[in-house]
Amino acid sequence: MPGLNGDQIRQRLAEARLYLCTDARRSRGDLAEFADAALAGGVDIIQLRDKTDGTLEASEEIEALEVLARACAKHGALLSVNDRADIALAVQADVLHLGQDDLPVSVARRILGDDPVIGRSTHSLEEARRAATEDGVDYFCVGPCWPTPTKPGRPAPGLELVRAVAEGIDTTRPWFAIGGIDERRVGEVVAAGARRAVVVRAITEAEDPAAAATTLRQALQPHDS
Ligand SMILES: Cc1ncc(COP(=O)(O)OP(=O)(O)O)c(N)n1
Ligand SMILES: Cc1nc(C(=O)O)sc1CCOP(=O)(O)O
Ligand SMILES: [Mg+2]
């Protein structure tokens, strides 16, 4: 099946509210079933981020991404690869996500071409400001909103940073709050000015991933910017 072109990917990114990072569920059941439930519940973008026991072998990562790609095609969602431009190219991903210490965006762009979108992690107002204008970046993430065991050792700038970004910088590019967000806290994130969120445990550890996604999506949905 042909993939989405750059305009279609950017259109879906603009409309996205809920972004899920999941591991490959090597020790917790079926990845296809889980992805299908999360996407049916309202996840717009799904990323494979498996760092539980070291990183996956490239072949294992590609195999898991192919499972996610089929689920994304079924639900009209975007497929995101973490860190690795070579793997994003290999699986024709819609999205590549890069942290501050990952590949430079200009290098990733050279590898990927213009169509896939590239996202950046930011943890300060200065980094967010840079990501909001840096060439080749399509969206950025701001956090952690709360300290999180999913990213141990990463200090949390908290909702103060979300407020500062919402009020103080050019937010023409889509941006997502991240870190410690769950059904209970998502209202605070929205009140701080975010319209989009990235979650890990709130869905990967939910008893009912579809219901968790629906609740999070509804909390983020009422806004239209
Ligand atoms: C959507 C999204 N946002 C942030 C991150 C974190 O990226 P990074 O800081 O590079 O950390 P790792 O995830 O690579 O450990 C992400 N992966 N996805
Ligand atoms: C992968 C990641 N990156 C962060 C950042 O601030 O860049 S916070 C984070 C982990 C988010 O996991 P959870 O939803 O389980 O708290
Ligand atoms: Mg990274």
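Predicted model: local features only at pLDDT ≥ 70, side-chain atom pairs only at ≥ 80, totals over all residues.

Visitor: Is Gln11 buried or exposed, then?

Guide: Gln11 is exposed, because 12 other C-beta atoms lie within 10 Å. Gln11 sits in helix H1, which covers residues 6–15. Gln11 and Leu78 are 67 residues apart in sequence, and their C-alpha atoms are 11 Å apart in space.

Visitor: How do I read the surroundings of a ligand, and which residues come closest to ligand 1?

Guide: Look at the count, the closest members and the classes. Ligand 1 is surrounded by 15 residues, with His97, Gly99, Ser121, Cys141 and Val198 the closest. By class, this shell holds 5 nonpolar, 6 polar and 4 charged residues. Strand S1 (18–22) and strand S5 (117–122) each contribute at least two residues to the shell around ligand 1.

Visitor: How many residues are around ligand 2?

Guide: There are 18 residues around ligand 2, and Gly143, Thr148, Thr150, Val200 and Arg201 come nearest. The shell around ligand 2 consists of 8 nonpolar, 7 polar and 3 charged residues.

Visitor: What does UniProt list for residues 18–203?

Guide: The unreviewed UniProt entry lists "domain: Thiamine phosphate synthase/TenI" for residues 18–203. In the model, that stretch is 39% helix and 19% strand, and its end C-alpha atoms are 11 Å apart.

Technical notes. Residues numbered from 1 in each chain as written. Chains lettered and ligands numbered in written order. Near = placed C-beta within 6 Å. Nonpolar A, V, L, I, M, F, W, Y, C, P; charged D, E, K, R; others polar. UniProt positions renumbered as here; feature names shortened; annotations may be inferred. Helix = DSSP H or I, 4+ residues; strand = E, 2+ residues; numbered from the N terminus. Buried ≥ 20, exposed ≤ 12 C-beta atoms within 10 Å, placed from the backbone.
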